[in-house]
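Here's a quick briefing to read with the model open in your viewer.

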Amino acid sequence: MATPKPQELASIQHQPHGDWWMDTKPEFRPGNYLYAANPKSVEYVGLPNARAWDPAEEDWKLPPNWEEIVLEGLRVRLERFRTLRIFMDCCVRCGACADKCHFFIGTGDAKNMPVLRAELLRSVYKNDFTLAGKLLRRVAGARPLTLAVLKEWFFYFFQCSECRRCSLFCPYGIDTAEITIIVRELLNLIGCNIDWIATPIANCHRTGNHLGLQPHTLKENCDYLLDDIEEYTGIRIEPSWNRKGAEILFVTPSGDIFAEPGIYTFMGYLMLFEHIGLDYTWSTYASEGGNFGFFTSHEMMKRLNGKMYLEAKRLGVKWILGGECGHMWRVVNQYMDTMNGPPDFLEKPVSPLTGTKFENANQTKMVHITEFTADLIKHNKLNIDKSRNDHLKVTFHDSCNVARGMGMFEEPRYVINAVCNNFYEMPPNTTHEATFCCGSGSGLNAGEYEEMRFRGGLPRANAVKYVAEKHGVNMLACICAIDRAVFPALMNYWVPGMDVTGVTEMVANALVMEGENPKEYNLRGEELEQPIAVNGPQAEEEAAGDEADSEEGGE
Ligand code: SF4
Ligand code: SF4
């Protein structure tokens, strides 16, 4: 089925249709659900019940005792996670979260209201784990776990992108993303995962990155990008790979070395590190910052997070610098300490250029590239000509995991304002803590899910459209590889003409590199409106200074 046109998709009915929520069932149709996990991928990471199956078919090929497995899994998790039991018990149905989810706004489906999404699990909890539910059943909102309920879980909990926007508005602090994580764990106990999560995880275990890129492929791709940098700047950069004894290990999502527009951010990292002479190494083994374990289970996110730190230990670096990623940061900041334990074999991060102690990273030993760059700018360590980005009118999307997940709001704005002259904020109820998710933490670029991706991304796109119409914004900046992967298609659908960039790409385009050639193109190979003749303003100032010196010397 072809994806509906934007005008059709924007016609959304938010009125409830009258039937009691327990009596409505999801309709699996092309465009609104994700394909089942490839059995080879499920088997590779040791998850149970690997088999070929189709969510749209009646028979899900479940184990004969699947209800028992799921209920026992829920019992174990209610004991293990105190938050889960509290979240199950303390919702007062105030409705403050109801209209805050981008999937409810984009679909009008009541079961995408966070309160009702959680109720899909809560109803089973009540039925099997509370006295009121056992006595009063449906009157108390309880219902038994049936195949129909399981199918609802699969449908709606894979529509939640675990963004936590709803939790911001809940007076009790109920975090529906945490509920979603638990339900996905339960679904994985009986082999019900989706392929855009399962196969990247298997790839990550096999080769170290989601895309399954082998070490030589990573290096070759990097070499192509180095050729491009040389073509645009005249400078040949020679980065190191797997170098023991480097001061810093740099880890970023593999998507950035493979696809546009992420590759320009990757080129930006290379140019920035060359510019400041950083003693760092890339790794062909810790070649993925992204952690799709976050979308699967606590155990899986622990395993994938651990490999970055094991590689840091093997290489003997002091600390880790992390690239523009989303859920890597959420896992590192919110879960790692209790799951993997603190990485005490690394040093507390100190910038070798400025001496700044990143005390916020004392525990994780991992510094975000944006705070690292902001610190460099603050200490005048970068030679920047911000007019090189004058063709851009930029807005910034706060990535949920970096913004709500680790509280990083001002650093990216500080960097953007330092490297470009035209920055415009989206409306405040769609930025900072209240940022709207890009929508694709629930389906990335899965083609079979296009309609739902565009529905889930509608509130974000709407805010981008607002600044495009009001200020002529033509560039959407972000600091997350999932954003960079999903926004081009989303913008093309809702806000045609809007381009997408990583913040470090903008930094690189503004950098005045020592020994650079006159330039007619930017990193994307796009012709510059105003070709760059020499080394920018600083070079001109230095040249003027030299002239004055020689005149003085002559007198
Ligand atoms: S965590 Fe995000 S996607 Fe999930 S219910 Fe809340 S607002 Fe919706
Ligand atoms: S805001 Fe919190 S308490 Fe209110 S309905 Fe939503 S989850 Fe329940």
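A residue is near a molecule or strand if its C-beta atom, placed from the backbone, lies within 6 Å of it. Using that cut-off, ligand 2 is surrounded by residues including Cys-91, Cys-94, Cys-97 and Cys-170. Keep in mind that this is a predicted model: local features need pLDDT of at least 70, side-chain atom pairs count only at pLDDT 80 or more, and totals for chains, interfaces and linings use all residues. As for labels, residues are numbered from 1 along each chain as its sequence is written, while chains are lettered from A and ligands numbered from 1 in the order in which they are written.

**Ligand surroundings**

- By class, ligand 2 sees 10 nonpolar, 1 polar and 1 charged residues (Ala, Val, Leu, Ile, Met, Phe, Trp, Tyr, Cys and Pro count as nonpolar, Asp, Glu, Lys and Arg as charged, and the others, Gly among them, as polar).
- Ligand 1 has 16 residues around it, and the closest are Cys-101, Pro-114, Cys-160, Cys-163 and Cys-166.
- Two or more residues of that ligand 1 shell come from each of α6 (114-129), α9 (165-169) and α10 (176-189); such helices (H or I, at least four residues) and strands (E, at least two) are DSSP runs, numbered from the N terminus.
- The top contributor to the ligand 1 shell is α10, with 3 residues.
- Sorted by class, the ligand 1 shell holds 8 nonpolar, 3 polar and 5 charged residues.

**Helix packing**

- Two packed helices are described by the angle between their axes and the distance between the axes. Here, axes are lines fitted to C-alpha atoms, for helices over the stretch in contact, and angles run from 0 to 180 degrees between N-to-C directions.
- Helix α19 (residues 410-419) and helix α23 (residues 503-510) have axes that come within 9 Å and cross at roughly 30°. That makes α19 roughly parallel to α23, since angles under 35 degrees count as roughly parallel, over 145 as roughly antiparallel, 65 to 115 as roughly perpendicular and the rest as oblique.
- The α19 and α23 crossing is left-handed (the near helix is turned anticlockwise from the far one by less than a right angle; clockwise would be right-handed).
- Pro-412, Val-415, Ile-416 and Val-419 of α19 make the contact with Val-503, Met-506, Val-507 and Ala-510 of α23, where contact puts C-beta atoms, placed from the backbone, within 7 Å. This contact has 8 nonpolar, no polar and no charged residues.
- Helix α13 (residues 262-276) also packs with α23, at an angle of about 50° and with the axes 7 Å apart, so α13 and α23 are oblique to each other.
- The crossing of α13 and α23 is left-handed, and its contact residues include Tyr-264, Met-267 and Tyr-269 of α13 and Glu-505 and Val-507 of α23. They divide into 7 nonpolar, 3 polar and 1 charged.
- Back at α10, helix α3 (residues 66-80) comes within 9 Å axis to axis and crosses at roughly 140°, in a right-handed crossing.
- Ile-69, Val-70, Gly-73, Leu-74 and Arg-77 in α3 meet Ile-182, Glu-185, Leu-186 and Leu-189 in α10, giving 6 nonpolar, 1 polar and 2 charged residues.

**Sheets**

- One open sheet has 3 strands in the order β5-β6-β7, with parallel pairing (two strands pair if DSSP finds at least two bridges between them). Its edge strands are β5 (394-396) and β7 (499-502), and the twist averages 30° from one strand to the next.
- Strand β6 (residues 475-478) pairs with β7 over 4 bridges, and Ala-477 has Thr-501 of β7 as its bridge partner.
- Another open sheet has 4 parallel strands in the order β2-β1-β3-β4, with β2 (280-281) and β4 (366-368) at the edges.
- Strand β3 (residues 319-322) and β4 share 3 bridges in the parallel sense, with Gly-322 partnered by His-368. Helix α17 (residues 369-378) packs on this sheet, touching β3 and β4, and its direction makes about 70° with that of β4.

- Most residues other than glycine have a negative phi, and most peptide bonds are trans.
- Glu-260 and Pro-261 are joined by a cis peptide bond, with omega about 0°; Pro-261 lies in the loop between β1 (248-251) and α13.
- Glu-162 has a positive phi of about 60° although it is not a glycine, and Glu-162 sits in the loop between α8 (147-157) and α9.

Technical notes. Two residues are in contact if their C-beta atoms, placed from the backbone, lie within 7 Å.
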